[in-house]
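Subject: Structure handover

Hello,

Here is the structure we spoke about. Please look through it first; my notes follow below.

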Amino acid sequence: MHSIPGRRIILSLFLIFLLLPIYWLVNMSFKTNTEIVTTMTLWPHQPTLANYMRIFTDESWYSGYINSLKYVVINTVLSISFALPAAYAFSRYRFLGDKHLFFWLLSNRMAPPAVFALPFFNLYSAINLFDTPWAVALAHCLFNVPLAVWILEGFVSSVPREIDETAFLDGYSFPRFFIKILVPLIASGIGVAAFFCFMFSWVELLLARTLTSVNAKPISAVMTRTVSASGMDWGLLAAAGVLTIIPGALVIWFVRNYIARGFALGRV
Amino acid sequence: MDKTVNQKAWFLVLPVFLIVAFSAILPLMTVVNYSMQDTFGNNQFFWNGVGWFKELLDPTTDLGGRFLASLGRNLFFSAVILAIEVPLGIVVALSMPREGWRVAACLVIMALPLLIPWNVVGTIWQIFGRPDIGLMGYALNSIGINYNYVSNEFDAWATVIVMDVWHWTSLVALLCYAGLKSIPDAYYQAAQIDGASRWAVFTAIQLPKMNRVLLIAVLLRFMDSFMIYTEPFVVTGGGPGNSTTFVSIELVKIALGQFDLGKAAALSLVYNLIILIVCWIFYTVMTNAGAERAPEKGVA
């Protein structure tokens with residue numbers, strides 16, 4: 001009943017619109033530069049793996065992926081472990097300034113990274129974290145911790161509080177209740193929150209680029225540098241782009257059953 | 001759900017408070033500090049009071065002119081993409097298949113653009129739109145439309161908007177889909193018995209149920225489009241001329257390009273204030289809407 005006339009056509013057109021630019025990128029990544037520049041071909045006529053080979057053999061390329069994954073993972077772990085107790089507190093208790101605090105957290109999710117780029121540069125240089133994955137991971141906490149609190153609060157609230165009370169009556173201490181009972185109950189929520197932290201840390205470029213120079217350079221920064229330096233190596237650029245899509249696609253596959261609810265931030 | 005008053009809950013919130021304060025308040029203090037001073041390099045600073053703010057809000061000065069122009073462009077951009085993405089997202093959500101493997105396939109494809117790094121999104125469209133090597137640019141030019149996003153203002157705008165629609169409509173659609181999924185079948189059966197038209201079902205059942213998620217969608221889309229930086233920067237670099245220079249791009253130009261710390265800091269504060277106000281309005285509306293529906297909370 002919740003369908004509309006012509007839905008198949010609308011949906012197909014939309015999905016084609018989404019996939020076409022991605023297809024073009026994949027297509028180009030398997031072409032040689034001569035083929036890209038001289039002819040317009042809908043699929044690679046002389047398919048080549050040279051672009052990918054170069055990325056996997058050149059350290060300045062593949063270390064970019066490793067650096068990016070490092071700070072993304074650190075950030076996800078930090079965000080979730082900080083946000084879990086806070087989400088529980090916001091969901092179960094009222095305390096002095098709770099609403100204001102929640103709003104303040106939320107407002108940080110909306111803060112433009114451009115505002116923070118320069119002060120972060122000063123801050124992390126001052127405490128000697130500049131050009132390490134930790135600097136980027138901590139900087140991304142600015143928007144990922146509030147987001148994780150927001151998502152997890154929704155999921156914790158859907159756990160009936162009778163469960164807490166029963167557990168405490170059974171003699172569970174708070175930390176034990178938290179780890180043994182609450183965390184397994186909201187496992188899917190934690191998965192969703194981790195997915196979002198991963199996503200927003202993975203796609204962000206401005207802060208990641210500002211806070212690193214050589215050792216911790218993320219893949220997105222490596223890409224921008226190469227575009228301007230080596231003229232226009234379109235095939236290589238396309239191959240690097242395709243490789244950045246893969247981690248995201250893998251993560252989506254794991255959370256596919258929770259995606260819809262996750263995007264509603266646990267509040268449908 | 002009644003919450004008990006418990007001040008000890010602050011201990012659970014404290015870690016979050018500290019880590020966010022470290023990344024938010026500390027840097028903001030530096031910004032406030034800079035915004036009141038002028039510098040000629042060498043770490044020598046001079047007190048400038050509210051001078052930068054006056055200049056910023058006065059369209060006749062260079063700084064003010066640039067700020068207000070980029071703000072206007074940014075608001076226009078946000079309005080356009082909201083006007084396209086919200087209705088389109090709703091229509092796509094309504095078109096989703098009901099069950100089976102096709103749902104999972106659609107969800108995965110739709111989520112794909114959301115997980116592509118923003119500079120790669122820029123790169124994809126930069127390539128896709130080029131008249132010489134990009135499918136879209138080539139196709140448009142070969143059917144007689146003179147399309148070139150590097151030199152033509154209108155084409156640059158069109159490219160940036162289509163790119164944003166490509167990138168983010170899925171978010172709106174996924175949110176709406178989640179809202180639609182939460183409607184019990186009984187509602188539809190009741191509507192069928194009443195002989196309600198499809199349009200009536202949409203306005204009386206589906207739209208009210210999507211209210212809350214739509215609010216989240218509009219909030220997220222407005223905020224993210226208001227602070228957009230990477231994607232248009234990669235595709236057009238803010239050009240041609242300054243025609244696609246949004247507030248964030250202008251800010252980064254002033255701060256990291258010209259190293260005009262005072263000006264950049266004043267701009268940052270005003271920028272942040274605007275966002276804070278909009279965010280507060282949405283938050284109030286959202287919590288009010290939540291209070292009305294409190295008994296239904298957690299029914300997911």
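Two strands pair if DSSP finds at least two bridges between them. Helices (H or I, at least four residues) and strands (E, at least two) are themselves DSSP runs, numbered from the N terminus.

This is a predicted model, in which local features need pLDDT of at least 70, side-chain atom pairs count only at pLDDT 80 or more, and totals for chains, interfaces and linings use all residues. Residues are numbered from 1 along each chain as its sequence is written, and chains are lettered from A and ligands numbered from 1 in the order in which they are written.

Between the chains

Strand β1 (residues 93-94) of chain A pairs with strand β1 (residues 4-5) of chain B in the parallel sense, over two bridges. A:Tyr93 has B:Thr4 as its bridge partner in β1(B).

Residues are in contact if their C-beta atoms, placed from the backbone, lie within 7 Å. The contact between the chains takes 88 residues from chain A and 90 residues from chain B. On the side of chain B that touches chain A, helix α1 (residues 9-35) of chain B gives the most, with 15 residues. That side has 67 nonpolar, 18 polar and five charged residues. Here Ala, Val, Leu, Ile, Met, Phe, Trp, Tyr, Cys and Pro count as nonpolar, Asp, Glu, Lys and Arg as charged, and the others, Gly among them, as polar.

Chain A

Chain A has 14 helices and one strand. Its C-alpha atoms fill a box of roughly 75 × 60 × 30 Å along the principal axes. Of its 268 residues, 49% count as buried (20 or more other C-beta atoms within 10 Å of the residue's own; exposed is 12 or fewer, partly exposed in between; C-beta atoms are placed from the backbone).

Two residues with positive phi

Most residues other than glycine have a negative phi. A:Asn128 has a positive phi, near 60°, and lies in the loop between α6 (113-126) and α7 (133-157) of chain A. Is A:Asn128 buried or exposed, and why? A:Asn128 counts as exposed because it has 9 C-beta neighbours inside 10 Å.

In the loop between α6 and α7 of chain A there is also A:Asp131, with a positive phi near 65°. A:Asp131 has 17 C-beta neighbours inside 10 Å, so it counts as partly exposed.

Regards

Technical notes
Two residues are in contact if their C-beta atoms, placed from the backbone, lie within 7 Å.
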